[in-house]
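Try each task before reading the solution below it.

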Amino acid sequence: MKKNGNKQASSGLPAVETITLQDGKRWGTWILVALLLAAGLFFLGRGVMLALTRQGGWTEIQARTGSPGCAGEFEFWYCLDQKNGNAEYRALSTLYTEACERAAAVYSSSAEDPELGNLAALNRQPNQELSLEPELYRALEEIRDSGSRVIYLAPLYEYYTCLFFCEREEETLEYDPLRNPLTAEEFGRIAAFASDPGQIDIELLGENRAKLRISRAYLDFAAENGYRVFVDLAWMKNAFILDDLAGTVRDSGFRNGYLQSAEGFGCNLCESGESFSLNVFDRACGGDCVAAQMRYTRPLCFLSLHSYTNSPRANDLYFEFSDGQVRSIYVDPADGMPKTAADDLLLWSDTLGCGELALRAGAVFVGTELTQEALDRLDCHYAFSEEKTLFCSDPEVSFPLLAEGYALRQAERSPA
């Protein structure tokens, strides 16, 4: 290596020393740079691979970004296989995305698609025989057999639910039948139509064919008031959707996960004997309102119903006033008034789906009084609190946590 002599720059800047490398040294430098670059790329690639590799165990399954389905209203968790987590996740994500897109279209009461026999088709073509999607037809069969008339409150719900998106209390007056006599009168008229099968009813004709029968009087009333939607699944919609999602997952061979909606509907598919827990709420408990934690180890469907919001994900189902009063999504078809017979109720079943549980719950929860005798007639399990006593109908569950001062009254045998 040869050094040139130092020269003082005329500008007064410090002298610069120039070093000339021999060719052998230059090649060594390039080799070192190449090795460092290769090592960097190796570790970068390994980091990306680790980030993309799904580890086994409980993982939330996400639908594809931008999917037009209803996945945002649910949580889907699955225990991925330790050796095949990536492939299992991809399969579940695709399955879940497609199932949510399908459900959103089938149960929509407003999405117009001439090729689809959904709720919108029924609303758009009253008094005409139509071919419905099989999932919707099954749901309507369950609703018919239950005797529930909630689905016919669609015009009422279309107006009433605007209340839950109000930002200030004064804005709610227009939509609140308990504070506005004119709104109460309108809701009463809608409820009178909805409660009368002679005014509106869905006739199920077999082979997925049905007709929404609406009287001339009701059609004229709807036209005068601008109502176009006559049938909607209201607060029960996601219960039926969850049944479809769970069925799709189960029928595809995936039986190690659970799904839950923002409303508190859930379905656990796990047959592994693993232990799971559900919170039993009691608004009178104060704080986070958790009166007990229930432990179970078998597949089941459940509903956790409340007269108030206890989750940020359910904020659009309730409105709480400054005086503590709450309006909830639950409306009585008998008179069109929002009401609940209790603040909290937990129902579950090994054999019934969420849709069937919701229909049975509506018969006792949406009312003025909740009794243990009425719950016993539902033929499903329940848990609720009354004056710091926790009543539970299922002897096969345990309660490792019980709030201070609470007593437990648990059934000795399961209902028939």
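Predicted model: local features only at pLDDT ≥ 70, side-chain atom pairs only at ≥ 80, totals over all residues.

**Exercise 1.** Decide whether E133 is buried, partly exposed or exposed, and find the salt bridge that its side chain makes.

*Solution.* Start with the cut-offs: buried means under 20% relative accessible area, exposed over 50%, and partly exposed in between (1.4 Å probe, protein chains only). E133 has a relative accessible area of 13%, so E133 is buried.

Next, look for a partner. A salt bridge is a side-chain nitrogen of Lys or Arg within 4 Å of a carboxyl oxygen of Asp or Glu. The side chain of E133 meets that of R102 in such a bridge, at 2.8 Å from N to O. The pair links distant parts of the chain, 31 residues apart: R102 belongs to helix α2 (residues 85-106), while E133 lies in the loop between β5 (129-131) and α4 (134-146). Helices (H or I, at least four residues) and strands (E, at least two) are DSSP runs, numbered from the N terminus.

Residues are numbered from 1 along each chain as its sequence is written, and side-chain values use heavy atoms, with hydrogens and water left out.

**Exercise 2.** Which residues are joined with R213 and E203 into one network of salt bridges?

*Solution.* Begin with the pair itself: the side chains of R213 and E203 form a salt bridge of 3.6 Å, N to O. R213 sits in strand β7 (residues 209-214) and E203 in strand β6 (residues 200-206), so the two are placed 10 residues apart in distant parts of the chain. R213 is partly exposed at 31% relative accessible area, and E203 is partly exposed at 32%. Now follow the shared partners: salt bridges join R149, D201, E203 and R213 into one network.

For context, the structure holds 23 salt bridges. Another of them pairs E171 with R168 at 3.0 Å, N to O; E171 is partly exposed at 27%, and R168 is partly exposed at 44%.

While you are in this part of the model, look at the loop between β6 and β7, where E207 is placed. E207 has a positive phi of about 55° although it is not a glycine, and E207 is exposed, with a relative accessible area of 75%.

**Exercise 3.** Describe how helix α7 packs against helix α8.

*Solution.* Two packed helices are described by the angle between their axes and the distance between the axes. Axes are lines fitted to C-alpha atoms, for helices over the stretch in contact, and angles run from 0 to 180 degrees between N-to-C directions.

The axes of α7 (residues 181-194) and α8 (residues 216-225) come within 11 Å and cross at roughly 150°. Angles under 35 degrees count as roughly parallel, over 145 as roughly antiparallel, 65 to 115 as roughly perpendicular and the rest as oblique. Therefore α7 and α8 are roughly antiparallel to each other.

Then list the contact, meaning heavy atoms within 4.5 Å. From α7 come E186, R189, I190 and F193, and from α8 come A217, Y218, F221 and N225.

**Exercise 4.** How many of the 12 residues of helix α10 are buried, and which elements do they pack against?

*Solution.* Count first: 9 of the 12 residues of α10 (residues 354-365) are buried, so α10 is largely enclosed by the rest of the structure. Among them are C354, L357, V364 and F365. The buried residues pack against α4, α9 (237-251), β9 (265-268), β12 (300-306), β15 (344-349) and α11 (372-376).
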